[in-house]
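Hello,

Here is the structure I promised to pass on to you.

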Protein chains: 2
Amino acid sequence: MTRTPPDAPLRVAVLGCGVVGSQVVRLLRDQAGDLAARVGRPIELAGVAVRRLDAPRDVDLPADLLTTDALGLVSRDDVDLVVEVIGGIEPARTLILTALEHGASVVSANKALLAEDGPTLFEAAEKAGRDLYYEAAVAGAIPILRPLRESLAGDRVTRVIGIVNGTTNFVLDKMDSSGAGFAEALEEAQDLGYAEADPTADVEGFDAAAKAAILASLAFHSRVTASDVHREGITEVTAADIASAREMGCVVKLLAICELRPGSGDGDGDDEDAAVAVRVHPAMIPRTHPLASVREAYNAVFVESEAAGQLMFYGPGAGGPPTASAVLGDLVGVARNRVTGTRGAGESAYADRAVLPMGEARTRYHVAIDVDDRAGVLATVATAFSEHGVSIQTVRQEGRDDDAQLVVVSHGATDAQLAATVEHLRGLDVVREVTSVMRVEGVEE
Amino acid sequence: MTRTPPDAPLRVAVLGCGVVGSQVVRLLRDQAGDLAARVGRPIELAGVAVRRLDAPRDVDLPADLLTTDALGLVSRDDVDLVVEVIGGIEPARTLILTALEHGASVVSANKALLAEDGPTLFEAAEKAGRDLYYEAAVAGAIPILRPLRESLAGDRVTRVIGIVNGTTNFVLDKMDSSGAGFAEALEEAQDLGYAEADPTADVEGFDAAAKAAILASLAFHSRVTASDVHREGITEVTAADIASAREMGCVVKLLAICELRPGSGDGDGDDEDAAVAVRVHPAMIPRTHPLASVREAYNAVFVESEAAGQLMFYGPGAGGPPTASAVLGDLVGVARNRVTGTRGAGESAYADRAVLPMGEARTRYHVAIDVDDRAGVLATVATAFSEHGVSIQTVRQEGRDDDAQLVVVSHGATDAQLAATVEHLRGLDVVREVTSVMRVEGVEE
């Protein structure tokens, strides 16, 4: 399948020349000598597909390298490698599939597409005998997919907890440090360029859910798509929630949580009926947890595995140059494979684990309740918890004139048990209002 | 070179069955099904080389798998993969070279050997067309070598700062949290099993220096050996140094620092006369630095690169299961390569950068000086700094009866300039004693 003589350059087509694409092009040029030495052959720009030829862009490109015909570019016989940094489902999917059919190796940063329809792409890569790498799709410059796929290939990953969306981390961090409410913190994030004009994908957790699906698939060797991920955003998080977390020595983060639930087997490494739970929601974590110190728009991924124990990977989760660094790392990888006539590890979904519904995920709840200030209230509330099989870890009671506030933190239980408890609480006469419900993560049950 | 039919197991010889080796054997068994699925062929234990057949060990092994003839084991025709977890220079080197000559792929955790004589091993692997992987040699379970070699292959790493020795981090952390002196903290580390009876390799920085050489070689695509590394241990660190660091908002860590010094070129990516400086010494870093929160015996490696920015990798740096996790990850990698008939990336030393002597490394000093409490002392001391071209960032003066203490923190300068300044200070009439000299890292110049 090698169409180029051994010492000829490998030719790369870049699809998209925005924030990331322009940095990919810049690095390809600035580091040309190093890239050639690391790959064993020079890498040469074959063309860049853009939406408008005359749009302003951050990098100077000769006019003859620019084209609006992306499909034509990926179909060319002289293109060995394709970098897709357009984003979105279409036309990205068609372009990647076409590139693979024409024998190119592909590097993509497209989390939405990989989380929605990864298997279609992986099968096309397998059929074509080419690589599809996508490190940049999760947590920007942080090497996390390769460590999961390769470094931890001899271990059994049991949990991945990530702060994988910089916008929401910036907003929550701002709320924590300044006491601001959600709307105010979001506005500041928008002013500083950390949030987009339409922040829905970030603040509603869609972006994090796509990344969670990708992380879970790799960690547990199973297919997990975005629709398998339970998703809650941060728009309902209040300044009072943040203050309540602070009183508990906690901080609120939007977490992508991927867990392996052991099966009924003997607990050994071949636990065939183990299942997977994947969820994205705001949660309180102790300030002593390594993830708690991840500030501003930084990302971090915390991994627990049977033998390695607790690992954390930290760095910038977005931005042009960091994302381009991850793309280029992948590009060197797929290019080396072209030179040696091999492929990297493809999809690994052999374990084929079931994905549990959210109700079966195990977690802990922090519940704040406004109650009547009269005798027996605590007993009534405690009974509601125990009736649903939920054990209480701590209760804090604060009197206020004629009513009082109870703050309850549960031990671990299923999300269904906890949700039923809260529903039950809302129906009690002595309960005026359940003012805050938030999950607590990063502590043992 | 494949001696086994396509579906036959790959056969692995394990050299050493101590803390790490026994965990490697355990994981090979417990995760046999997963490993086979990930590699594409089963991995089967061919034999385990031990020093004494009757020694107690943490894993049950059939007697016919044990041998004291390590050289015979690695020379066998039915061994495809060799795991070396003996440590030390010999016989490990001879065993690895023999294994490669006989066509086996090798995984090693041997930092001392790789740092002293890596090139000999890499050349033997190249000649044999086999892999030599060694992720476990640096920072235990933390994936750091693969990210440097592969994930950052499209970027330009400019600095690596690691806490890569758990023993010394435990001792310094204990001194910081309890106010204990070095000897007392070391004794506690020994009691808890974090330090060996003869702690020389750890507390004198030899272990960290070996790891620094390995990190620098990979980060800068150049050959750096242990003898190129400037090394100072932590035995001279006093409780007063720790207290002084605390007053500055700093913490003392034993750091492995690998830096790329830009050349005189145009500053682009092909800066051909850039050089490398590699050093291990205790240093103060601000408590806000990500490395400052690395507690107890944990390890972390902080990486700065041109495009990715600041990354950090954190986790357990030693111990049987964590180290075995890293070994098994490598084993899956070299085994996959056997199955697909390829090799991973070998040594990358094309950049061939010069290694600077310590005197040319740029750093900052924190100097505490007991001086006479009389007029003009500060001016005399300041003149000593400026005569050696060292700019002062801050001075703090504390009077005490008839004498006084000055604490000076410099701006960045070469280590030679700073050392000359301290020498000069020691010769001044007004200086009674230079009580503490420590470098300050992790802040901009």
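A:E150 sits in helix 6 (residues 145-151) of chain A; helices (H or I, at least four residues) and strands (E, at least two) are DSSP runs, numbered from the N terminus. Before going on, please note that this is a predicted model, in which local features need pLDDT of at least 70 and side-chain atom pairs count only at pLDDT 80 or more, while totals for chains, interfaces and linings use all residues. Residues are numbered from 1 along each chain as its sequence is written, chains are lettered from A and ligands numbered from 1 in the order in which they are written, and side-chain values use heavy atoms, with hydrogens and water left out.

Is A:E150 buried or exposed? A:E150 counts as buried because its relative accessibility is 12% (buried means under 20% relative accessible area, exposed over 50%, partly exposed in between, with a 1.4 Å probe and protein chains only). Setting aside neighbours within four places in sequence, A:E150 is in contact with B:R146, B:E150, B:G329 and B:R336 (contact means heavy atoms within 4.5 Å).

**How the two chains are related**

The same surface serves both copies, as 100% of the contact residues of chain A recur in chain B.

**Domains of chain A**

The domain assignment of chain A gives domain 1 (10-140 + 321-340), domain 2 (145-317) and domain 3 (358-440); such bounds come from an automatic or database domain assignment. In chain A, the C-alpha centres of domain 1 and domain 2 lie 28 Å apart. Their contact takes 17 residues from domain 1 of chain A and 19 residues from domain 2 of chain A.

A:V371 belongs to strand 14 (residues 362-372) of chain A, and A:V371 is buried, with a relative accessible area of 0%. Leaving out neighbours within four places in sequence, its contacts include A:V377, A:D403 and A:L406.

B:A136 is in the loop between strand 6 (132-133) and helix 6 (145-151) of chain B. B:A136 is also buried, with a relative accessible area of 8%. Not counting residues up to four places away in sequence, B:A136 touches B:A109, B:T323, B:A326, B:V327 and B:D330.

**The largest cavity**

A search of the whole structure finds eight cavities of 30 Å³ or more. Here, on a 1 Å grid over the protein atoms alone, a cavity is a set of points where a 1.4 Å probe fits but cannot get out, and lining residues have an atom within 4 Å of a point. Grid points are joined across faces, edges and corners, and a volume is the space filled by probe spheres set on the points.

The largest cavity has a volume of about 200 Å³. Which residues lie nearest its centre? Of the 19 residues in its lining, they are B:F122, B:Y134, B:S217, B:L218 and B:E347. Helix 5 of chain B gives the most to this lining, with five residues.

Enjoy exploring!

Note on methods. 1 Å grid on protein atoms, 1.4 Å probe; cavity = no way out; pocket = protein on both sides within 12 Å on 5 of 7 lines; lining within 4 Å.
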